[in-house]
Amino acid sequence: MELIVVTLIIGFLLSLLFLAPRFIKSDKDQTKKVHSDAKTKTVKTYNKAEVSLHNKRTDCWIIIKDKVYDVTPYVEEHPGGDAILAHAGDDSTEGFFGPQHATRVFDMIDIFYLGELEK
């Protein structure tokens with residue numbers, strides 16, 4: 001029983017380490033407000049030049065269908081190895097929707113969402 005509790009606690013702490021970079025963002029990010037009847041939601045916008053700066057294994061952003069994602073925490077776990085870095089800091093739409101990806105990637109990508117690409 002104690003082993004189960006310890007395992008759960010360690011799993012929880014590891015998940016916090018995995019998700020923590022997702023919530024740390026720069027103050028210089030631009031924001032855009034989206035108004036709806038229910039509430040106001042803030043969506044950050046980034047231009048291609050900003051995204052292109054994040055092109056390393058330790059700082060990896062990608063664009064998929066004009067949405068910006070920080071996939072840095074996932075780079076080491078990517079089943080395709082360094083293939084995820086081929087378009088780091090750039091548009092990865094074509095590769096993301098390639099036949100090599102299982103449908104679960106479409107569900108998990110949302111946890112890495114940062115904002116919209118500026119048009």
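## Ground rules

Helices (H or I, at least four residues) and strands (E, at least two) are DSSP runs, numbered from the N terminus. This is a predicted model, so to speak of what went in: local features need pLDDT of at least 70, side-chain atom pairs count only at pLDDT 80 or more, and totals for chains, interfaces and linings use all residues. Residues are numbered from 1 along each chain as its sequence is written, and side-chain values use heavy atoms, with hydrogens and water left out.

## The overall picture

The protein has 4 helices and 6 strands. Read from the N terminus, the order of elements is α-β-β-α-β-β-β-α-α-β.

Of the 119 residues, 30% are buried, where buried means under 20% relative accessible area, exposed over 50%, and partly exposed in between (1.4 Å probe, protein chains only). Contact here means heavy atoms within 4.5 Å. Take the contacts between residues at least 6 apart in sequence: 63% of them join residues at least 24 apart.

## The N-terminal end and the surface

Accessible areas come from the Shrake-Rupley method with a 1.4 Å probe; for residues, only the protein chains shown count as cover.

Met1 sits in the segment before helix H1 (2-23) and is exposed, at 77% relative accessible area. Together with Val5 and Ile9, Met1 makes a nonpolar surface patch of about 340 Å². Patches are built from residues with over 30% relative accessible area and no salt bridge, joining like charges within 9 Å and nonpolar side chains (Val, Leu, Ile, Met, Phe, Trp, Tyr) within 5 Å.

## Asp90 and Thr93

Asp90 lies in the loop between strand E5 (67-70) and H3, and at 37% relative accessibility counts as partly exposed. Leaving aside residues up to four places away in sequence, Asp90 touches Val51, Trp61, Ile62 and Ile63. Asp90 and Ile64 are 26 residues apart along the chain, with 9.0 Å between their C-alpha atoms.

Thr93 belongs to helix H3 (residues 93-96). Thr93 is buried, with a relative accessible area of 18%.

## Leu114

Leu114 is in strand E6 (residues 113-117) and counts as buried at 7% relative accessibility. Leu114 and Lys44 are 70 residues apart in sequence, yet their C-alpha atoms are 7.0 Å apart in space.

Note on methods:
A salt bridge is a side-chain nitrogen of Lys or Arg within 4 Å of a carboxyl oxygen of Asp or Glu.
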